[in-house]
Every structure is written in structure tokens, then in C-alpha cells.
Amino acid sequence: MQEQPPRAGEVQKLEEGLACVLAANASPMTHWGTNSYILGGDRVAVIDPGPASDAHLAALLQAIGGRTVSHILVTHSHVDHSPLARPLARATGAPVLAFGDSLAGRSEVMQVLAAQGDLTGSEGVDPDFTPDICLADGDTIAGDGWTLRALHTPGHLGNHMCFQWGDVVFTGDHVMGWATSVVSPPDGDLTDYMASCHRLAATQAARAYAGHGAPIPNLQHRLAQIIAHRQAREAEILAALHHGPATPQQLTTAIYHDVPKALLPMAQRNVLAHLVDLTSRGVTRPEGPAGTPIDPDAAFSII
């Protein structure tokens, strides 16, 4: 696996008909930065144009080099993936395609939690994002020498999509090689996330290009690792709750021993996602009378 980051703004040729331009937005949440992919020959598609950045827009247009852009595809509308879609569309005349706006695909459970008003997500959602064309699960998008199948993979965000290109999948933030995806209610839904992992495994696709980090040479192996990791985290949470009720913060402190302090808030959101999933499955419940709403600061207990 690639260990050194490419230089932001430079074109990396990944394989025939596919190149990548890295955005200069490295952070603990984005690793080296956002990967923007350019797929095709004389006419190209851009997958995940990236954050609002004049420099990245200029780098993408230079990499495109005057070729026609036929499609701009967005895996999901977090601020490190989607804001540059509209400026790129204005510059190239290409339509923006995605599952929907930033509220599209949100599960019923997460709609209820969002309506409570006290359960805010932790990652930057692009509130103004609206595609020109909404894609449905299973839709086919074809261009100059390429065909993609759109796969709705909610979990990291309700409108998250992956795009399958033969035996390769562009996985956005759903599957990454360098880290597991943050699942932060009410934008993220762990029940949906796990179902989407199994959905991707069923494609039998061999490799993946993620929204951040190096290519994933064995997608099936990485999916198995992610599923096992989430199952192990669930087991840790349940083991801790067997000692008595605990809040997400208390569980995070008890479970996460090797995570940098700056990332503990993200870890706590993942713990909350597990508790929401376990509660919806009837395994845990928030402390209080029956029907007590889920509170991110409340203690949870095993039923």
C-alpha cells in the first residue's frame, strides 16, 4: 500500500483511463486530503470534486486539460467532497449527479432523532448541496469508454453512494484503507452502515479507490476487517455495560485507549452510533421511563 502522500494538485495516473488529483485539505479527518478522480478519455467524469477551493478547482481544470466533462459525480455531501461540484459545473457545463441533497436517504430512526433537536452530527455537512440529477440505487451512468453502477450505501451519510466500475468501486468515505469511517448520528446510521458493508461485499468487487488515502488493493478483505472491527466494538460496549449503566463519554473513556485525544470526540460519536443501533434492535435502552428519547449525554443500560 502507498505510504507517502502524493503532492496536492498534481495528477496521479492510477491506471488506464483513471487519474487522481489530491486536494490540499489534509487533516485528522481527511488524512492526506480529498481524492478527486478523473475517469475517461477524451470525455471525462469527475468523481468527488472536493472542498471549496479555488486552487483545487484550478488543479482539476488543468488536469482535465480542455477535455469535455460529461458528468460530475458526488459520493456524498460532506464539505470535503461536494462544495466544489457547483463551481466545476459552471466552469465545464457538466451536470452534477448524486443520490440527493444532504437530507436524502436519512433513515426513519435518524429522522426521529434529528427532530429532537439535541442530537447534532459532528462532521461538516454541505447544507446547500443539490444535484442536477438524482441517482437511484442501481442506476447506470455511461461515458467515454466507461460505465459506472450507482450503489446507494447509506451509513456514513444518508445520501452516500459508491460507484462500481467493473471490478473496482469508488467507495467515497464508506470504505477507506487508512481508517474506519466515522458514523455520527443523526447524519450517520450504523444500522445502515453495516448493511451497506454487506451490500458492497456482495458485489465481489476486487479493488477500491477511496475518498481519502491510498488505493485499496483487496476490497473484500478490507470489508471483512471493517465488519469485524464494528462487531468487536459492539462487544466491548456491551461488556462495559454489563458493569452498569454508562454514558457514551464514559464508554469512550473505558474502551478507546490508543486514540489521540483530538480524535476522542469522533470516537464518542461512533459509540453513540452503536448505542442507537443497539437500542433500535432492543438490546440497550437509555436510562429513564419507557420511551425516553435518546440523549447523547444520557446513560444507557442493557435490557
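Visitor: Is aspartate 187 buried or exposed?
Guide: This is a predicted model. Aspartate 187 has a relative accessible area of 17%. The cut-off for buried is under 20%. So aspartate 187 counts as buried.

Visitor: With which residue does aspartate 187 form a salt bridge?
Guide: Side chains of opposite charge can pair when their charged atoms come close. For aspartate 187, the closest N and O atoms of the pair are 2.8 Å apart. The partner is arginine 106.

Visitor: How many residues apart in sequence are the parts that aspartate 187 and arginine 106 tie together?
Guide: Aspartate 187 lies in the loop between strand 11 and helix 4. Arginine 106 lies in the loop between strand 6 and helix 3, so the pair ties together parts of the chain that are apart in sequence by 81 residues.

Visitor: Which residues does glycine 188 contact, leaving aside its neighbours within four places in sequence?
Guide: Glycine 188 sits in the loop between strand 11 (168-172) and helix 4 (190-202). Its relative accessible area is 0%, so glycine 188 is buried. Beyond those neighbours, its contacts are Met110, Gly155, His156 and Val183.

Visitor: Which side chain is joined to that of serine 102 by a polar contact of 2.7 Å?
Guide: Serine 102 lies in the loop between strand 6 (96-98) and helix 3 (108-116). Serine 102 counts as buried, at 10% relative accessibility. Its side chain reaches the backbone oxygen of aspartate 126 at 2.6 Å. The side chain at 2.7 Å belongs to serine 77.

Visitor: Where does glutamate 234 lie, the residue that forms a salt bridge with arginine 281?
Guide: In this salt bridge, the closest N and O atoms are 2.9 Å apart. The pair links distant parts of the chain, 47 residues apart. Arginine 281 is in the loop between helix 7 and strand 13 (284-286), while glutamate 234 is in helix 5.

Visitor: Is arginine 281 buried or partly exposed?
Guide: Buried means under 20% relative accessible area, and exposed means over 50%. Arginine 281 stands at 45%, so it counts as partly exposed.

Visitor: Which helix gives the largest share of the lining of the largest pocket?
Guide: The largest pocket holds about 430 Å³ of space. Two elements give two or more residues to its lining: helix 5 (219-241) and helix 7 (264-280). The largest share is 4 residues, and it comes from helix 7.

Visitor: How many residues of that lining are nonpolar?
Guide: The largest pocket is lined by 25 residues. Among them, 7 are polar and 6 are charged. The nonpolar residues number 12.

Note on methods. Residues numbered from 1 in each chain as written. Predicted model: local features only at pLDDT ≥ 70, side-chain atom pairs only at ≥ 80, totals over all residues. Heavy atoms only, no water. Buried < 20%, exposed > 50% of the residue type's maximum accessible area, 1.4 Å probe, protein only. Polar contact = N/O pair within 3.5 Å; in protein donor to acceptor, adjacent residues only side chain to side chain. 1 Å grid on protein atoms, 1.4 Å probe; cavity = no way out; pocket = protein on both sides within 12 Å on 5 of 7 lines; lining within 4 Å. Points joined across faces, edges and corners; volume = space filled by probe spheres on them. Nonpolar A, V, L, I, M, F, W, Y, C, P; charged D, E, K, R; others polar. Contact = heavy atoms within 4.5 Å. Salt bridge = Lys/Arg side-chain N within 4 Å of Asp/Glu carboxyl O.
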